[in-house]
Amino acid sequence: MPTKVLVVEDNPDVMFVLLSAVDSQGCEFIGVEEGTSVLPVALKELPSLIIIDVMLPGMNGFEVCRKIRTTDELKDVKILGISGHVSARDIEPGLFDQFLEKPFDVANLVEKMADLLGWRSPMQNPQDRDIVMPDQDEDEPVDLTWEDDE
């Protein structure tokens, strides 16, 4: 059974990049766009990893993570926080297992996923696959570096 990852991001472009990276590692993914939906979805799906943006509509990523950390069924879920508006030094200790500042490099995201999920390295998941982008020429390299335009 593939590793399950819950991705929480309100920007559709960033969500696409995150889901593509998760999918490239052979993981099953669930995408959620607002903070208030995270806890019910996480309790139903029981993901191994949650990748969550800090700035979300409804309930911010800090509040969501505090609730996750105090919910028995989810207390062992690994959490990777991401934000373009908050730096790692401003994060409450213990809230996220790891943190990634936007703009981020997809390779760095995948490395952090691998570390949190206990893989030896990225692409060690049994369902190893490449990221496939729409309208991509097979021989053309793909730049997946994402920059926040907000």
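The axes of helix α1 (residues 12-24) and helix α4 (residues 106-117) come within 10 Å of each other and cross at roughly 50 degrees, where axes are lines fitted to C-alpha atoms, for helices over the stretch in contact, and angles run from 0 to 180 degrees between N-to-C directions. α1 and α4 are therefore oblique to each other, given that angles under 35 degrees count as roughly parallel, over 145 as roughly antiparallel, 65 to 115 as roughly perpendicular and the rest as oblique. The crossing of α1 and α4 is right-handed, the near helix being turned clockwise from the far one by less than a right angle.

This is a predicted model, in which local features need pLDDT of at least 70 and side-chain atom pairs count only at pLDDT 80 or more, while totals for chains, interfaces and linings use all residues. Residues are numbered from 1 along each chain as its sequence is written, and side-chain values use heavy atoms, with hydrogens and water left out.

Val 17, Leu 18, Ala 21 and Val 22 in α1 meet Val 106, Leu 109, Val 110 and Met 113 in α4, contact meaning heavy atoms within 4.5 Å. By class, this contact of α1 with α4 has eight nonpolar residues, no polar and no charged ones, with Ala, Val, Leu, Ile, Met, Phe, Trp, Tyr, Cys and Pro counted as nonpolar, Asp, Glu, Lys and Arg as charged, and the others, Gly among them, as polar.

Five strands form an open sheet with parallel pairing, in the order β2-β1-β3-β4-β5; helices (H or I, at least four residues) and strands (E, at least two) are DSSP runs, numbered from the N terminus, and two strands pair if DSSP finds at least two bridges between them. The edge strands, each pairing on one side only, are β2 (28-32) and β5 (98-101), and the twist averages 15 degrees from one strand to the next. Four bridges join β1 (residues 4-8) to β3 (residues 49-53), and Val 5 has Leu 49 as its bridge partner in β3.

| Helix | Strands crossed | Angle |

Two loops hold backbone features of note. A cis peptide bond, with omega of about -5 degrees, joins Lys 102 and Pro 103, and Pro 103 lies in the loop between β5 and α4. Leu 46, in the loop between α2 (38-45) and β3, has a positive phi of about 45 degrees although it is not a glycine.
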